[in-house]
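Reader: I should like to learn how to read the features of a helical model. Please begin with the packing of helices.

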Amino acid sequence: MVKPWIKRTVFGALGGLFVLGSLAACSHHRGPMTEERITEMRGKVVERVSGKLDLNETQKAKLGLLADELMAQRTALRGGPEPRAEPQAVIAGAQFDRAKAQALLDGKTQAVQGGGPKVIAAMGDFYDSLNPDQQAKLRAFMAEHRHGGGWWGRG
């Protein structure tokens, strides 16, 4: 039997992939993302998803809350202003720094466990607010997106 926290993490990750994948796919931006750019893209994604699913104002608000929770989770997982510094520090010396690697993993795990329930709740509230046709469209999008297509697929 799968433990409940694993289910929650997987569901949260799917929701995160939905919005964050959408953010990445509709962006042609190169280099590090600024908070201003991320906020701008969040607005564009919310509008695009709202249009594709024909969301009402209540549903749009729930999607906005989901996007906010995902952005907060992204920030928590990312770490500080230099997210690559920690992994690079693990291999900076002559020996692989197992203690730093474990601390990095522990920090990321704590971030997922701390923010995951909020992401899951926001995704659940959003999904449950959709009518059956909208839910079907969302499932179809996620199935297509898994294979590189979808509403924001390149090509």
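Author: Helices H3 and H5 are roughly antiparallel to each other; angles under 35 degrees count as roughly parallel, over 145 as roughly antiparallel, 65 to 115 as roughly perpendicular and the rest as oblique. The model is predicted: local features need pLDDT of at least 70, side-chain atom pairs count only at pLDDT 80 or more, and totals for chains, interfaces and linings use all residues. Residues are numbered from 1 along each chain as its sequence is written, and side-chain values use heavy atoms, with hydrogens and water left out.

Reader: At what angle do H3 and H5 pack, and how far apart are their axes?

Author: Two packed helices are described by the angle between their axes and the distance between the axes. Here H3 (57-78) and H5 (residues 98-129) pack at about 170°, and their axes are 9 Å apart. The axes are lines fitted to C-alpha atoms, for helices over the stretch in contact, and angles run from 0 to 180 degrees between N-to-C directions. Helices are DSSP runs (H or I, at least four residues), and strands (E) need at least two; both are numbered from the N terminus.

Reader: Which residues make the contact of H3 with H5?

Author: Contact means heavy atoms within 4.5 Å. From H3, the residues include Leu63, Leu66, Leu70 and Leu77, and from H5 they include Ala111, Val112, Gly115, Val119 and Phe126. The residues of this contact divide into 12 nonpolar, 5 polar and 6 charged. Ala, Val, Leu, Ile, Met, Phe, Trp, Tyr, Cys and Pro count as nonpolar, Asp, Glu, Lys and Arg as charged, and the others, Gly among them, as polar.

Reader: Which residues of H2 are buried?

Author: An α-helix has 3.6 residues a turn, so residues three or four places apart point the same way. In H2, the buried residues are Arg37, Ile38, Met41, Arg42, Val45, Val46, Val49, Ser50 and Leu53. Buried means under 20% relative accessible area, exposed over 50%, and partly exposed in between (1.4 Å probe, protein chains only). Valine 46 counts as buried because its relative accessibility is 9%; leaving aside residues up to four places away in sequence, valine 46 touches Leu63, Gly64 and Ala67. Serine 50 is buried at 5% relative accessibility and, with the same exclusion of residues up to four places away, touches Leu55, Lys60 and Leu63.

Reader: Why does the span of H2 agree with its number of residues?

Author: The expected span of a helix is 1.5 Å times one less than its number of residues. The 19 residues of H2 (residues 35-53) should therefore span 27 Å, and the end C-alpha atoms are 27 Å apart, which agrees.

Reader: What follows H2, and what is its phi?

Author: Most residues other than glycine have a negative phi, and most peptide bonds are trans. Aspartate 54, which follows H2, has a positive phi of about 55° although it is not a glycine. Aspartate 54 lies in the loop between H2 and H3 and counts as exposed because its relative accessibility is 60%.

Reader: How many helices and strands are in the protein chain?

Author: The protein chain has 6 helices and 0 strands, in the pattern α-α-α-α-α-α along the sequence. Of its 155 residues, 30% count as buried.
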